[in-house]
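Here are my notes for a first look at this one. Have the structure open beside you while you go through the points.

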Amino acid sequence: MPTFFNRISTRLIIATFLLSLMFGVVTIVGHEILFATQGSMMTINQSLSILHVLVALAGAVGISQTSEQNRFRVFYQAEAIQINSMHEWTIHVEDANGQIIENAQITVDGGMPQHGHGLPTAPQVTEYLGDGNYRVEGMKFQMPGWWIVSFHINADGVEDVVTFNLNL
Amino acid sequence: MKRYLSKLISVSPLLLVAVMVLASACTPPPHDVWSDSDTDLLRGLWIGSLEPLAPNPSNQYADDPRAAALGKALFFDTRFSSTGDVACATCHLPERMFQDGTALGHGVGITNRRTMTVVGAAYSPWLFWDGRKDSLWSQALGPWESPVEHGGNRTQYAHIIAEHYRTEYESVFGPLPDLTSLPAEAGPVEEVQAAAAWAEMSQADQDAVTEIYVNMGKAVEAYERLLLPGASRFDAYVEAVLQGEPAAETLFTPDEVAGLRLFIGEANCIRCHNGPLLTDNDFHNTGVPAAADLSDDMGRTQGAQQVVNDEFNCLSQWSDAAPDDCDELAYMLLEGEALMRAFKPPSLRNVDGRGPFMHAGQFESLEEVLEHYNRAPSAPAGHSELEPLNLTPLQLEQLLAFLKTLTSPINLEAVWLSSGSE
């Protein structure tokens with residue numbers, strides 16, 4: 001056996017061998033994972049988007065949201081949202097105790113926080129449908145991505161804002 | 001134990017090499033493997049995702065084939081002008097994707113904007129760079145009476161219809177009124193004599209003439225709704241990708257694939273150039289430089305006010321729509337910084353060879369366009385939506401290579417693409 005090997009501890013040699021084996025395995029597996037989830041280059045935008053999917057899941061279709069100062073709880077329902085189509089939403093508004101809110105004044109705004117622009121249209125709450133339900137017309141999203149939609153509610157002088165996150 | 005160890009140690013360099021060879025043998029997948037989310041984006045751009053045209057509530061004749069045949073004849077007829085030699089087809093040349101290849105439009109005078117392609121325009125809720133018209137039929141009524149485009153007036157045109165198109169017109173729209181007592185030229189136009197003659201006409205006479213004018217527009221819309229793009233090499237590629245065909249790899253070069261990846265990813269093009277026509281038909285300020293020698297152009301800020309006040313919009317008496325059918329007009333944005341110097345992105349289908357580009361033809365070539373997006377200069381007014389992309393020259397070339405794959409013929413029989421005999 002060569003004397004060179006006698007000088008270096010066998011533990012060190014075994015450790016180096018195992019390390020290189022691990023390196024090979026991680027390279028193969030890592031590549032596979034990366035290409036399975038993200039075919040194109042991972043930009044900052046895209047990694048943020050993944051975070052926002054998680055945020056958006058909380059506000060996905062048909063789910064409710066509490067207003068900023070906990071005064072209202074709002075549920076929304078949208079017809080199937082297609083990029084670039086005018087469509088309607090129906091929202092249901094309750095107070096913190098679950099009592100329906102009737103005949104409130106509600107305005108709508110929103111936009112894409114990452115792009116710094118607002119909604120492409122000026123949606124309005126056009127009708128009180130009874131039972132705490134309101135018809136929102138003129139909704140449109142003209143590009144995919146992370147959108148927020150906010151409802152500013154004034155019910156007999158009690159005011160608050162509810163914001164939904166959507167990932168389209 | 002020591003014997004095994006010594007064997008292991010002497011063999012380990014070989015094992016190391018074997019592991020590394022294995023690692024490099026598992027090279028990245030072929031250059032065009034697309035993730036699920038990217039495949040969804042590709043499907044959105046694919047021509048197979050283009051929904052059939054919905055009926056236009058404001059034009060009851062929009063899908064009438066006889067109206068389309070009449071509309072085609074009117075589109076190519078140069079008599080509808082003050083000089084007798086300007087037709088819609090003069091600037092909207094069928095052989096150039098229905099545009100003219102010049103920075104500004106040249107009718108009886110010169111316009112202050114780039115002629116837009118008509119192919120696929122039927123899908124847009126707004127027409128013109130600033131969206132100042134909300135239907136194809138009302139759009140057609142603009143140039144016909146514009147002093148720099150056709151330069152004529154609606155009473156002149158009504159007489160031409162009565163003299164040369166009576167049968168075709170009446171078979172679609174019903175009997176023409178008697179026009180014999182009406183002046184030869186009259187209309188709410190800049191030309192002083194015609195304007196004076198119009199002011200002297202009774203309301204009933206004005207309405208009779210305007211109704212004919214409106215129907216001319218509606219016939220032209222029926223024709224223009226037929227002008228749709230066919231499938232391009234890009235669409236063949238996406239179709240192969242969607243079906244998981246390995247042949248996809250031969251349809252696009254690696255550079256074209258790289259360009260497409262940039263388009264839907266890092267270069268942010270898909271933000272505005274989305275959907276099967278590669279435009280969202282909405283208004284965006286992209287910091288396009290002001291054209292020298294032209295007055296300030298505020299884009300959508302002005303266009304929004306114009307369409308709301310337009311004589312022929314969806315809510316007007318000439319529209320066939322019920323008020324409930326005019327959502328785009330009812331819920332449009334009317335003010336705000338976002339509208340300042342914002343313009344509508346044209347469809348990128350057939351963009352190659354369709355220069356010059358932007359609303360007054362500011363960029364000669366696609367290379368200049370891409371350079372502009374890469375640099376993202378600030379806007380002359382309002383706020384540009386662009387951010388500098390920092391793409392390398394190679395990446396810009398790849399984007400250009402991709403854009404060239406969007407070329408396709410118009411999906412229509414040749415007889416519809418030229419003037420027929422009367």
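**Notes on chains A and B**

1. Start with helix H12(B), where the buried residues are Glu256(B), Val257(B), Ala258(B), Gly259(B), Leu260(B), Arg261(B), Leu262(B), Phe263(B) and Ile264(B). Buried here means under 20% relative accessible area, with exposed over 50% and partly exposed in between (1.4 Å probe, protein chains only). That is nine of the 11 residues, and H12(B) is mostly covered. Helices (H or I, at least four residues) and strands (E, at least two) are DSSP runs, numbered from the N terminus.

2. Some housekeeping before going on. This is a predicted model, in which local features need pLDDT of at least 70 and side-chain atom pairs count only at pLDDT 80 or more, while totals for chains, interfaces and linings use all residues. Residues are numbered from 1 along each chain as its sequence is written, chains are lettered from A and ligands numbered from 1 in the order in which they are written, and side-chain values use heavy atoms, with hydrogens and water left out.

3. What covers the buried residues of H12(B)? The cover includes helix H2 (36-45), H10, helix H11 (248-251) and H16 of chain B. Take H2(B): its axis and that of H12(B) come within 11 Å and cross at roughly 90°. That makes H2(B) roughly perpendicular to H12(B). Axes are lines fitted to C-alpha atoms, for helices over the stretch in contact, and angles run from 0 to 180 degrees between N-to-C directions. Angles under 35 degrees count as roughly parallel, over 145 as roughly antiparallel, 65 to 115 as roughly perpendicular and the rest as oblique.

4. On the H2(B) side of that crossing, Asp38(B), Leu41(B), Leu42(B) and Leu45(B) make the contact, and they meet Leu260(B), Arg261(B), Phe263(B) and Ile264(B) of H12(B). Contact means heavy atoms within 4.5 Å. By type, the residues of the contact of H2(B) with H12(B) are six nonpolar, no polar and two charged. For this count, Ala, Val, Leu, Ile, Met, Phe, Trp, Tyr, Cys and Pro are nonpolar, Asp, Glu, Lys and Arg are charged, and the others, Gly among them, are polar.

5. H16(B) deserves a look too: eight of its 11 residues are buried, so H16(B) is largely enclosed by the rest of the structure. Among the buried ones are Leu396(B), Leu399(B), Leu400(B), Phe402(B) and Leu403(B). The buried residues of H16(B) pack against helix H10 (233-242), helix H12 (254-264) and H15 of chain B.

6. How do H15(B) and H16(B) pack? Helix H15 (residues 366-375) and helix H16 (residues 393-403) of chain B have axes 10 Å apart, at an angle of about 130°. That makes H15(B) oblique to H16(B). Leu366(B), Glu367(B), Leu370(B), Glu371(B) and Asn374(B) in H15(B) meet Leu396(B), Leu399(B), Leu400(B) and Leu403(B) in H16(B). The residues of this contact of H15(B) with H16(B) divide into six nonpolar, one polar and two charged.

7. Over to chain A, which has three helices and nine strands. From the N terminus on, the elements run α-α-α-β-β-β-β-β-β-β-β-β. Of the 168 residues of chain A, 37% count as buried. One of the buried residues is Phe17(A), at 18% relative accessibility, which is found in helix H2 (residues 10-37) of chain A. Phe17(A) and His87(A) are 70 residues apart in sequence and 62 Å apart in space, C-alpha to C-alpha.

8. Five strands of chain A form an open sheet in the order S1-S2-S3-S7-S6, with antiparallel pairing. Strand S1 (64-66) and strand S6 (124-130) stand at the edges, each with a single partner strand, so one side of each has no neighbour in the sheet. Two strands pair if DSSP finds at least two bridges between them. S2(A) and S3(A) pair over seven bridges, with Val93(A) in S3(A) as the bridge partner of Val74(A). Five bridges join S3(A) to S7(A), and Tyr134(A) in S7(A) is the bridge partner of Ile91(A).

9. The other open sheet to find has four strands in the order S5-S4-S8-S9 (chain A), again with antiparallel pairing. Its edges are strand S5 (117-118) and strand S9 (158-167) of chain A, each with a single partner strand. S4(A) and S5(A) pair over two bridges, and His117(A) in S5(A) is the bridge partner of Met112(A).
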